[in-house]
Amino acid sequence: MRADEFSMRLSRDCALAPGSHVLLALSGGADSTALLCLFLEAAQRYPLFVSCAHVEHGIRGKSSLDDCAFVHMLCEDKGVPLYTAHVDAPAYCREHGCGMEDAARRLRYAFLNETAEKIGADAIALAHHAGDQQETVLLHAMRGCDVKGLCAMRYRSGRLIRPLLDQTPMALREYLLSVGQAWREDESNTDTAYLRNRIRHA
């Protein structure tokens, strides 16, 4: 995706007005790193103010802390404000009787919304892509959702925007390679103990 195409997506599909303040959920993985680079490219012609938020979930030990360190260096290099949180998803999981994926998601979204309110962000940008879209629809179908529940994610839902919904994971990695930007790989993405990963790989 080129910067001009991305700018059009922000304006048309994400209904993001020029001059908006966007809080970007940055994990350090390829998808969110590509989203940050695209936002910074677009901001050269489509005025935006970008901040980032990163949540370390307390699940993967040193690897997770290394991701956090990478995100710090990336945002420092790009001159982007960064807000971080360290949470205990396993403890939340035990306390609330939910799965680890659900616990991490609840804690992450709580921090994103809290931070957006604190800094006055107009939108929260998420790096969901075409693969995530397919997995989401399949997950909803497996759980027996009604027709409304089967609806796919949208480019904009309230304050949440997802500018990459038409992009494949491979295309995002190719983009990062083309601009010489490194990223982190989350080894838990291959762990089929998680339902979404079983759908993704099997």
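A salt bridge here is a side-chain nitrogen of Lys or Arg within 4 Å of a carboxyl oxygen of Asp or Glu. In this predicted model, Arg9 and Asp13 form such a pair, their closest N and O atoms being 2.5 Å apart. The count by this rule comes to 12 salt bridges.

**Salt bridges**
- Arg9 and Asp13 belong to a network of salt bridges that also links Arg12 and Asp166.
- Arg173 meets Asp31 in a salt bridge of 3.6 Å, N to O. Arg173 lies in helix α7 (residues 169-179) and Asp31 in helix α2, so this pair ties together parts 142 residues apart in sequence.
- Arg173 is partly exposed, at 26% relative accessibility, whereas Asp31 is buried at 19%.
- Arg173 also pairs with Glu185, with the closest N and O atoms 3.8 Å apart. Glu185 sits in the loop between α7 and α8 and is partly exposed at 47%.

**Helices α1 and α2**
- The axes of α1 (residues 3-12) and α2 (residues 30-42) are 9 Å apart, at an angle of about 90 degrees, which makes the helices roughly perpendicular.
- Phe6 and Leu10 are among the α1 residues that meet α2, where the partners include Leu35 and Phe39.

**Helices α4 and α5**
- The axes of α4 (residues 89-96) and α5 (residues 100-119) come within 8 Å and cross at roughly 110 degrees; the crossing is right-handed.
- Eight nonpolar, one polar and one charged residues make up the contact of α4 with α5.

Definitions and conventions: Residues numbered from 1 in each chain as written. Predicted model: local features only at pLDDT ≥ 70, side-chain atom pairs only at ≥ 80, totals over all residues. Heavy atoms only, no water. Axes fitted to C-alpha atoms, helices over the stretch in contact; angles between N-to-C directions. Helix = DSSP H or I, 4+ residues; strand = E, 2+ residues; numbered from the N terminus. Left-handed = near helix turned anticlockwise from the far one by under 90°. Nonpolar A, V, L, I, M, F, W, Y, C, P; charged D, E, K, R; others polar. Parallel < 35°, antiparallel > 145°, perpendicular 65-115°, else oblique. Contact = heavy atoms within 4.5 Å. Buried < 20%, exposed > 50% of the residue type's maximum accessible area, 1.4 Å probe, protein only.
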